[in-house]
Each structure stands twice: as structure tokens, then as C-alpha cells.
Amino acid sequence: MISFVQGLRTELLTPLWQSCFGDSKEVIETFWRKTAGRALTFAALDGTAPVSMLCALPTELVDESGQALCAAYLYAVCTAPAYRRRGLCAALLAYAEKELRDYDVCMLVPDSEAMFHYYEKRGYRTVFYHSSFELPAHKSDVRITKLTADAYRALRELQLYGSFVSYDAPLLELQKCASEASGAGLYRLETADSVCCAAAEKRDVCLLCKELLPCCPEAAAALAEQLGCEKAVVRTLGDTVPFGMLKPLRGVDVFEKAYLGLAFD
């Protein structure tokens, strides 16, 4: 018999996470450690075995007027392969949304075009966009400084405007760990004309700037060159690439467009 629970011990969810996403145990345990006491976990059980799961990370969604809405970022949403196409994920989402009644909105990042359609049927709308481009590494006069999560947050908040997701330092620490494990990090990039922040990860010969604020190709190219990469792939502010979805939980107005940026993907 299938049942739904909140707050299952994280070590019981790790094998399911591994089987669905292929992440190492070390990566998953880092996530649990960095989000301890903050991440809310929800699971569907077959008897005592978790067969579907999701995490909710508390954060804020700032609207154009500066009002901050309580947002739950749904992360690691998955179902064991043998239990798919039974409606378990949809039922678990409904259960979690009911338990998250103190939040204004839920948001998530689908991992494929098909999943955008899946979540749309369950009341989610695509509101988070970014722009993306690729360019070769190139040396130039850019001052590059590594940042702590706190310092990155302060610089990030200065760069953002309109509607955007505001991450606190503990969540940005999660990105810092992933970035540094890859051989990169969180950075302040200063050119003659601008000051940028960048969250970057090395992927073989490619530098993935998971966030570059504001858009400054010169800074991205210089960072890629310094880190020994051949090219940089950059995500930045814009509206050309659909990225994440949102569902109101308490009758708030649906955003037309907003910026999510980091998805810890």
C-alpha cells in the first residue's frame, strides 16, 4: 500500500536519489549536510520503502514592487523507475503542496521539454527565463576575486531588479561547494566598465557560468582562460530560454516573467 510522509530520514532517501539521478553518495550527502534543518522532505512509501521523493528548499521570490513572497523551491523530484506511470509523482506533489500551505508559491526546474508539459498539467506555469551564449576563452584585463557565499549574495542582490528569486547565504553555500568541487567557485569580476558576480563550474574543457550578473562576455571569457578552459557557456539575465516554473499556493498573482538563476542543477 502506498502512503505519503513528510520528514523521512535523509539516509533513507539517498539510494532512491542515486538510482534516479546517478549522483554520487558524496554529492547527495553534501546536499543533506548543507541543507540540514532547512530542506523539507516528502516521500511516497510502498510499505516502508521510499519510491518517490522531493525536497522543498525555502527561499524568497521578490516581485517588482520589492515585496518578498515565501517560496518553496522543489528539488530532486523523482520516482523509482519501476513505479513510474502510476501517478505517484502527481500525488506526491499534491500532498507536498497541501503541507506547504504556509508558502505563497512553489517553483521547480523541469529537466526536459516533456517535463514542462507534465508540470503544466498540474498547475505550474513557465515564468523563469534566462539567456545563454557560448564564447571562447580569452585573456584580458579583468580582476578576478573568489567570494564567500555571504559576499556573493550581497553582490548578487545589487545586480538584480524586477522579479527574481533571492537566495540566502546557506543556499548559496550549496552552490559554492559544487563550484569548488569542480575546480571553480563564486567570483567577483571587475572590468574597466562593470563589476559582475559569477557562479561557475568546470566541465572538462568548458566553464559553465551558471549565473553571470550583469551580462559581460569579456569577464566570462577571462574567467574561462584563467581556469584553464577552452570556452565558457554562460547563463545570464534575459528571456530567451525557458528555465523554471511556478505555481501559486495562496491566491497570489501569477508572475509573467521572473529570474531564477541558480538551480543547483
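Salt bridges, in which a side-chain nitrogen of Lys or Arg lies within 4 Å of a carboxyl oxygen of Asp or Glu, number 16 in this structure. Side chains of opposite charge can pair when their charged atoms come close. The structure is a predicted model, in which local features need pLDDT of at least 70 and side-chain atom pairs count only at pLDDT 80 or more, while totals for chains, interfaces and linings use all residues. Residues are numbered from 1 along each chain as its sequence is written, and side-chain values use heavy atoms, with hydrogens and water left out.

One of these salt bridges joins the side chains of R9 and E11, with 2.7 Å from N to O. E11 has a relative accessible area of 46% and is therefore partly exposed, given that buried means under 20% relative accessible area, exposed means over 50%, and partly exposed lies in between (1.4 Å probe, protein chains only).

A second example is the salt bridge between the side chains of E173 and K34, at 3.8 Å from N to O. This pair links distant parts of the chain, since E173 belongs to helix 6 (residues 169-182) and K34 to helix 2 (residues 25-34), 139 residues apart. Helices (H or I, at least four residues) and strands (E, at least two) are DSSP runs, numbered from the N terminus. E173 counts as partly exposed at 23% relative accessibility, and K34 is also partly exposed, with a relative accessible area of 28%.

R156 in helix 5 (residues 149-159) and E211 in strand 11 (residues 206-213) are 55 residues apart, and the pair links distant parts of the chain. R156 counts as buried because its relative accessibility is 1%, and E211 counts as buried at 0%.

Two residues lie between the strands in their hairpin, where D204 takes a positive phi near 60 degrees.

On another side of the pairing pattern, strand 9 (residues 185-190) and strand 10 (residues 195-203) are antiparallel and joined over six bridges, with C196 in strand 10 as the bridge partner of L189. These two strands form a hairpin with four residues between them. Finally, a network of salt bridges links E201, R203, K210, R235 and D265.

Terms used
Two strands pair if DSSP finds at least two bridges between them.
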